[in-house]
Amino acid sequence: MNPVLFAVLNTELEKPRIDWPIIAPVVALFVTALVIVLLRAILRTQPKLVYQLSIAAAFVGLVTSGAFVGNEWRIIHRSGIFQTFSGAIAVDGMTVFVQAIVLIATALGVLLALGYLRREGLETPEYLVLLLLSATGMLVMAHANDLVLVFVALEVFSIALYILAAFDRRRAESQEAGLKYFVLGAFSSAIFLYGIALTYGATGSTSLTEIATQLGVVDPKAHTGLLVAGFALLIVGLGFKVSAAPFHMWTPDVYEGSPTPVTAFMASATKVAAFAAFLRIFAGAFAQASDDWRPAIYVLAVLSLLVGTIAAAIQSDVKRMLAYSSIAHAGYILIGLQVANAGSKRNELPGTAASLFYLLVYALMALGAFGVVQSINHRGETNHAITDYKQLSKRQPLLAALLTLFLLAQAGVPFTGGFIAKLSIFRSAVDAGQYQLAIAGMLAAVIGAFVYLRLVVTMYATGQDDDPDAANEPRIKLDVGSRIALTITASAIIVLGVLPNWFLDIAHQATQLLTR
Amino acid sequence: MQRFLDLVWVIPALPALGAVIVLLFGKRIGEPKAGYIATATIGTSFVWSVFTFFALQSQHGEGRHHVYNLWKWFAGTGDFHVNFGFLVDPLSVTMILFVTGIGTLIHLYSVGYMHGDPRYSRFFAYLNLFAASMLVLVLGSSFLMTFMGWEGVGLCSYLLISFWFEKNSAAVAGKKAFVTNRVGDFGFMLGMFLIFSKFGTLDYVRFGSHEALTGVSHTTVTAMALLLFVGAMGKSAQVPLHIWLPDAMEGPTPVSALIHAATMVTAGVFLVSRAHAFFDFSAIGNGIHAGTVVAWVGAITALGAATVAIRQNDIKRVLAYSTLSQLGYMFLACGVGAYTAGLFHMVTHAFFKALLFLGSGSVIHGMHHEQDMRKMGGLRKFMPITGATFIIGWLAIAGVPPFAGFWSKDEILAKAFFSGGAQGKALWAVGMLAALLTAFYMTRQVWMVFFGNERFRDSLADDHGHDGHDDANAQGDPHESPITMTLPLLVLGALSIVGGFLSLPFTKPNLEFLARWLEPSLEGAKDIHPGAFTSGFLLSVGAVVVGIIGIAIGFTVYKRGLPDDGVDPVETKLGPLANVLENAYFFDIGLAKFVSGPATKFATFLAEGIDRKTIDGAVNGVGRTVKEAGDGLRRMQTGLVRNYALGIVAGVAMLIAYMWTRAI
């Protein structure tokens, strides 16, 4: 036998202790996905039954996973934040907060999808499997405390999303979206991986905790080119996933082409998971090197705000408009990231907390807005030009009112969660002394208001060439799933706008990062 | 009992809930029920307000400023917190009592008045929403809470003025009200910004009395006071921001009664009283202060509007100008520091003006939507209850003792007279003149509508049959209104008789109930010493005499109604002045002419000469840049994966290039 191999085999390998309660949420979702696949294999002759069983299983899985997340919260409260699995997994407030948002977004994503899949003739259990697997990756992402694990999580949820984007095989746009997302996603993953390699080269570790320790020791002025190049490439990889300008170009095409419930899920959950990694890596592990990366994030934030709002203003397609507005929202969250580590005594609301709160609100707004758009679409993803929304208030008063709420929330109107979210971001920027960023954000919000109000006016304005029979068009009968999902999102947005403090406190508690 | 002080939030919450229910399910609930639900919510609020009043009355000293924070809405930077807080003190309790009380009556009245309207339930939803906003306005514990209610009532006012938006004039009037109010709102906002920048808070408790303001210069405080007053002028329609109120009569009559006479338009008076510390502390020099401006704006409005009212022929427009004039009295009182007198008049005015408006609504209803007084006359025979109550309202506003209006107007005039110096006497003289005119134009209205010759036959005959009214009395004669409409008239009539007893000008025994009650809210306001009893008595007698002269002139001119040729005698007697008054001093027309004439010319000059090249160029440049940037982005968005990948690579290159500059 090869002597080297012999030596390896004879060494007592230190096996990591399996901390089941911590990975239980991940396992629950993963097992559910596997169960659905098995059901499909076993009950081959009864596809209808399988589909119904898998819907039930998906909800059971999501609820179970949610319960385990709650348990994790309890554990943190009892024993504080810690790491496990040899430091690869972090258990802190953000882990729980991000998992909660991802699970809510997934559950709402499933609810929204049911009616859509029926309408488009896509009722297969695979959709649920992919959605659950993607969510699994995101939950891992929330835990990941090691760059390698971050990468694995990123790939797990991305690969499932590539397929979901192309899920409507008969529609060329959907195929195109999937392919584009895949090619560019692979490209950015490669860059991200290279960034990991460079960072490893510079610090000698992929563990975020150890990198943080390393950076604490090194004089910040003596950072090597290797390290800063690593930062740059990691920013690119994550910037792609959160669709920050200038790495945003895939977003409108993919959001437009994908089936709308997939877009809703992509816009909400994906962004949350990717920002979780962004925050944990940069605001957490690279906190000591913040002088290096903060200017880059500054530029990314301003560019995203600029590109997102200006391009949204000239769109003629509602899905594309919302895609650009999601780029602008990424800009606001990046402001929070930019000021995450600004040390200041007045800093009552850290940028991290503001970002997390914004993510929560944004996920709900995006799900709600895309949910309404999906209900207004006709079979085969037509009817989402802005001109198709003319007089919507007469034809579909309820949907028009809901969309108005979600758009006003995105514009940041008081008494919606969007207002408090924007206010928190600006407040953290002002507290950190970043007045220019705060002003840039406010200006973008003004242009953004035009973007959203334009659609609202289109829905409500009456003009000369109005169709007099508009009011008699049959009302769209919402399916139960969409009805539940839209009720939840709409009421949550109002609750977050009127009684935000409890949630802000939780977001605040969630910012005690392990790596800090 | 004391629990009611903490449960004060229920008062605005009830009508808000009603608004939501009626808005969502109104169509399903159906016609009369939606109205009754709305009435029930505001009625319950009234009962709740009464309990709150007793709860507050059982408190003493500091307990009479009860702040209850429902929750902290959000925190700003620094120490700035925005609380959903309510301030229960004598002032706010007085306000909620009359807002909910009169609100209930007018809701009930609307059940009958809006009968058969296609948007019946929508109307009640707006009305309830208005009540909720108005209650937030008066109960707010900070300027910001008040401002929220302020914007809410503004929105409801807009929605309700243009409620019959199919009529172009109504839609235009709604817009006019909204835009004019915006001007005032800017003043209010700037005032708040200034207050916040100097004091770091907007909570009313911080500004209890003028001693609290020491440390900030008198000039700054004057600026704060005047900015707030600009807000008050917008909402309370004082010259020159009065132009929206007469047009607001395009709204349904209950709206005119509730919003544009009794409650919303008095928000400005409330704001000035709430912020009295700023007015007390302000000083411009030579004894002139912010209050002087308030008093004179009020006096000019009182007199100007009263002169215009004598030449109006629309039954509601007379009352609209009368409302302007009476609001002017209230500001006159606040300006000389007699806040209690102003608030007293606000309450009594709410009683009799709501009565008059509802009475006019009853007339309009009975006359099948005729509003021209020249086509009325002798209506008391057909509408006995409306006629009798309208006459009570007329006696109240004309200042005949012992009706409500006499006591409050008399107090304002007396306080103005004794407020000192020649200025006080001048304000008193203006007030007296306005009182004379008030008595005259109201007498004119009463005789043109309820007495004299019957002039409605022709018009009703043509008009009837296509106004959608299918009542039993189809002869074309006017008819009395249903019980839901007459009951509020009776209640308000009773209140207009006894309302004055809230505060009687006697100190032994002390019968100034309202003044004593409001004292904790108006702490530090200057005391105006009344003169000797005899001089006060003489002033009162003078006021009564003036009122009676006005009535006598009106009676002699109009005792037979209009002459057969239908020409108003006033028109011939006043000569060229008549036209000026009929057109309200050409203020509106002048404004429109100015805006479309010289102002446009000046603007064109600016535009051609200066703007075109520099500013316009810059603005166009920005616009062009945005568009070009957009087009550029569009061009970049080719849809080709290779180009997108290239974009990412470019981003990578830039980031790396930047990062390398940071590395050693």
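Which residue forms a salt bridge with R280(A)? The partner is D92(A), and the closest N and O atoms of the two sit 2.8 Å apart. Before going further, keep in mind that this is a predicted model. Now look at where the two residues come from: R280(A) belongs to helix 11 (residues 260-285) of chain A, while D92(A) is in the loop between strand 2 (89-91) and helix 4 (93-120) of chain A. That makes this a link between distant parts of the chain, 188 residues apart. Both ends are hidden away, too. R280(A) counts as buried because its relative accessible area is 1%, and the cut-off for buried is under 20%. D92(A) is buried as well, with a relative accessible area of 0%.

That pair is one of 22 salt bridges over all chains of the structure, so let's visit a few others. In chain A, E173(A) pairs with R171(A), and here the closest N and O atoms are 3.8 Å apart. Over in chain B, R374(B) forms a salt bridge with D372(B), with 3.0 Å between the closest N and O atoms. R374(B) is partly exposed, with a relative accessible area of 35%, and D372(B) counts as buried at 16%. Salt bridges can also join up into a network, as they do for E176(A), K180(A), D253(A), E256(A) and R320(A).

How many residues does the largest nonpolar core have? The number is 370, and the residues with the most contacts inside this core include I235(A), F278(A), F282(A), F143(B) and F278(B). Helix 14 (residues 351-376) of chain A gives the core its largest share, 19 residues. For a close look at one member, pick F282(A). Leaving out residues up to four places away in sequence, F282(A) touches F231(A), L234(A), I235(A), L238(A), A277(A), A287(A), W293(A), L337(A) and N341(A). There is also a second, separate core of 20 residues, and among its members are A295(B), V336(B), A338(B) and A435(B).

Two single residues are worth a stop. L496(A) is found in helix 19 (residues 480-498) of chain A, and it counts as buried because its relative accessibility is 2%, which falls under the 20% limit. Around L496(A), again setting aside residues up to four places away in sequence, you can find F357(A), L360(A), V361(A), L364(A), G417(A), I420(A) and F503(A) in contact. For a sense of scale, L496(A) and A142(A) are 354 residues apart in sequence, and their C-alpha atoms are 23 Å apart in space.

The other stop is T386(B), in helix 16 (residues 384-398) of chain B. Is T386(B) buried or exposed? It counts as buried, at 0% relative accessibility. Its side chain makes a polar contact with the side chain of E480(B), at 2.7 Å. Apart from neighbours within four places in sequence, T386(B) is in contact with G359(B), S362(B), V363(B), F450(B), E480(B) and L489(B).

Finally, step back and see how the two chains meet. On one side are 35 residues of chain B, and they are in contact with 52 residues of chain A. The size of an interface is often given as the accessible area lost when the parts come together. Here chain B and chain A bury about 3,600 Å² between them, with 74% of it on carbon and sulfur atoms. In chain B, W73(B), I648(B) and M659(B) lose the most area to chain A, together making up 18% of what that side buries.

What about charges and polar groups at this boundary? The count of salt bridges between chain B and chain A is zero, but three residue pairs are in polar contact across the interface. Strand 1 (66-75), helix 26 (598-636) and helix 27 (641-662) of chain B each supply at least two residues of the side that touches chain A. Helix 27 of chain B provides the largest share of that side, 15 residues. Sorted by kind, the residues of chain B's side divide into 22 nonpolar, nine polar and four charged.

Methods:
Residues are numbered from 1 along each chain as its sequence is written. Chains are lettered from A and ligands numbered from 1 in the order in which they are written. This is a predicted model: local features need pLDDT of at least 70, side-chain atom pairs count only at pLDDT 80 or more; totals for chains, interfaces and linings use all residues. Side-chain values use heavy atoms; hydrogens and water are left out. Contact means heavy atoms within 4.5 Å. Buried area is the accessible area (1.4 Å probe) that two parts lose on being put together, summed over both. A salt bridge is a side-chain nitrogen of Lys or Arg within 4 Å of a carboxyl oxygen of Asp or Glu. A polar contact is a pair of N or O atoms within 3.5 Å; within protein, one must be able to donate a hydrogen and the other to accept it, and residues adjacent in sequence count only if both atoms are side-chain atoms. Helices (H or I, at least four residues) and strands (E, at least two) are DSSP runs, numbered from the N terminus. Ala, Val, Leu, Ile, Met, Phe, Trp, Tyr, Cys and Pro count as nonpolar, Asp, Glu, Lys and Arg as charged, and the others, Gly among them, as polar. A nonpolar core is a set of buried Ala, Val, Leu, Ile, Met, Phe, Trp, Tyr and Cys residues joined through side-chain atoms within 4.5 Å. Buried means under 20% relative accessible area, exposed over 50%, partly exposed in between (1.4 Å probe, protein chains only).
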